[in-house]
Amino acid sequence: MMSGKKRRVAIVGGGLAGLAAAVRLAELVREKSTCGKTDGSSLEIHLFESGKHLGGRAGSVFLREENVLLDGAQHITMNCCTEMMDFLRKTDLIRFWKEEKCMTFCVREPENGTSPLRFYPFRNAEWLPTPFQLAPALCGMGFLTVGERIQLPILLRKIQKKCPAPGLPLRAWLEELGCSDRLMTQFFEPVTLSAFSEQLESVSARLAQTVLRRMFGPRNAWHFWRPTRPLREIFDAEFTPILEKLGIHIHRQTPITRVLPEGVRFRNYEMTGTATEQDFPADVVILAVPWFRVGKIYPELETHGLLRTEIFEPRSIAAVHFWTEKPLFRQEHLVFPSETIQWIFRPEFGSLSELGVYHQVLISDANRMVSPQNTALERVVRAELQMLFPSAKVKHFRVTRMPNAVFSPNPWMEHARPTALTPYPNVFLAGDWTATDLPATMESAIVSGNAAARETIYFLTDSAK
């Protein structure tokens, strides 16, 4: 039972992990208060964010030249991301997301390698029981041979049943299961790049199995949700009143410089513009910052060998924003299994009267697939768009890149990611890079934040005995 005295929790980082920790912590305190185990007002929750906006990497950029707010890269979540979906529903942010029940694959005709394009809708058959609901969709993937279409559901079934050896890459495991090279290229590689921002040979087979089991197991699990408004509006403007209603104190533009045994140290910018450092006492600290920042403010993690930042291999995600006179296609998105372009989305926001209809190209692991230079990436995308949509009139291009968007989920990372626990018993870690058994996704961030909140309640309850 938590004691009646006022306790403080400092959450460092206003990304999804920190937001999830704050919401779940407030929820757990309310549950205990309802059960009479604690006074709901006995816990103060403080959220510290170094920047102006909440949301972290699930954010947006304001393009001054175009005078528009756009997401740096298209973010999606799926029904199989159960904790993310629960987070959106209980905060009522789900109203800003739209469910997509059909995924449209798009390929060029093989005869001449140029347009016209062929479209292959991938959707469940609602009239068939699980696990056969995907059978018509898999059979309808006409860009695969008949043999590959027969092999694919068999492979997905094997992935559900068999377990790969520790440290095995996904490509090697698929070869063990009898997957052909072309099926890897046409189906598993696009899925892997989208989910992991990494190549087949560099993805942990065990981690991939976890994701594929969730995606292609329960009915409608792969259905995905897209934001209908910029992420900054969702996770900052719309989310701030929710946090305030929960009684959570938000400290923007307050960078934490050091985690202490009994709180945190933050940099305070006074009216004169000079910065001073002040200590903020707290009973518990939840450190929810990216892996490349955590060691700077909590070096004891590396001192005790709990964190080795050098083994995290960052992967970039690039987005090419462009505007055309008319929509390029009637669908709201297309998946390209055979191009450098992986997805093209047509978001509900971003269209401008002076520039036209907004589209966004998504390229995961951009630095390995294309030159790091934005101009080179733009040339590649322009050339492919010209080939795919010869009659399109592109009026404006803009490239944005997230250099440390995710990290490589390679096999040696299986046991290298730290848990929520740290050398200080009252300091807990959260973030998509912690040991969630998931790749660096929004779901992983939410899972870690929820776990850190539970550990906080356990600690406060035990320390009060």
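Is Cys-102 buried or exposed? Select it and have a look: Cys-102 is buried, with a relative accessible area of 17%. Keep in mind as you click around that this is a predicted model.

**Stop 1**

Cys-102 is in no disulfide, and the nearest cysteine sulfur belongs to Cys-106, 13 Å away. Now select Cys-106, which is in no disulfide. Cys-106 counts as buried, at 1% relative accessibility.

**Stop 2**

Next, select helix H1, which covers residues 16-34. Show the side chains of Arg-24 and Glu-27: they meet in a salt bridge, 2.4 Å from N to O. These two residues are three places apart in the helix, about one turn. Are they buried or exposed? Glu-27 counts as buried at 17% relative accessibility, and Arg-24 is buried too, with 18%.

**Stop 1: two more bridges**

Jump to Arg-95 and Asp-92. They form a salt bridge whose closest N and O atoms are 3.1 Å apart. Here Arg-95 is partly exposed, with a relative accessible area of 46%, and Asp-92 counts as partly exposed at 40%.

Then pick Asp-236 and Arg-252, another salt bridge, with the closest N and O atoms 2.7 Å apart. This pair links distant parts of the chain. Asp-236 sits in helix H8 (residues 231-237), while Arg-252 is in the loop between strand E10 (249-251) and strand E11 (256-260), 16 residues apart from its partner. Asp-236 counts as buried at 9% relative accessibility, but Arg-252 is partly exposed at 29%.

Some bridges share partners: select Arg-24, Glu-27, Glu-31, Asp-86 and Lys-90 together, and you have one network of salt bridges. How many salt bridges does the structure hold? The count is 31.

**Stop 4**

In soluble globular proteins, nonpolar side chains tend to be buried together. To see this here, select Phe-87, Trp-97, Phe-122, Phe-188 and Phe-235, the residues with the most contacts inside the largest nonpolar core, which has 125 residues. The largest share of this core, 11 residues, comes from H1, the helix you visited at Stop 2.

Zoom in on Trp-97. Leaving aside residues up to four places away in sequence, Trp-97 touches several others, including His-75, Met-84, Trp-225, Pro-227, Phe-235 and Met-442.

There is also a second, separate core of 21 residues, with Leu-117, Ile-341, Val-361 and Phe-389 among them.

**Stop 2: Ile-344**

Finish at Ile-344, in strand E17 (residues 343-345). What is its relative accessible area? The value is 0%, so Ile-344 is buried. Its contacts, not counting residues up to four places away in sequence, include Phe-322, Phe-329, Leu-334, Phe-336, His-359 and Leu-385. Val-361 and Phe-389 also touch Ile-344, and you saw both names in the second core.

Conventions
Residues are numbered from 1 along each chain as its sequence is written. This is a predicted model: local features need pLDDT of at least 70, side-chain atom pairs count only at pLDDT 80 or more; totals for chains, interfaces and linings use all residues. Side-chain values use heavy atoms; hydrogens and water are left out. Helices (H or I, at least four residues) and strands (E, at least two) are DSSP runs, numbered from the N terminus. Buried means under 20% relative accessible area, exposed over 50%, partly exposed in between (1.4 Å probe, protein chains only). Contact means heavy atoms within 4.5 Å. A salt bridge is a side-chain nitrogen of Lys or Arg within 4 Å of a carboxyl oxygen of Asp or Glu. A disulfide is a pair of cysteine sulfur atoms within 2.5 Å. A nonpolar core is a set of buried Ala, Val, Leu, Ile, Met, Phe, Trp, Tyr and Cys residues joined through side-chain atoms within 4.5 Å.
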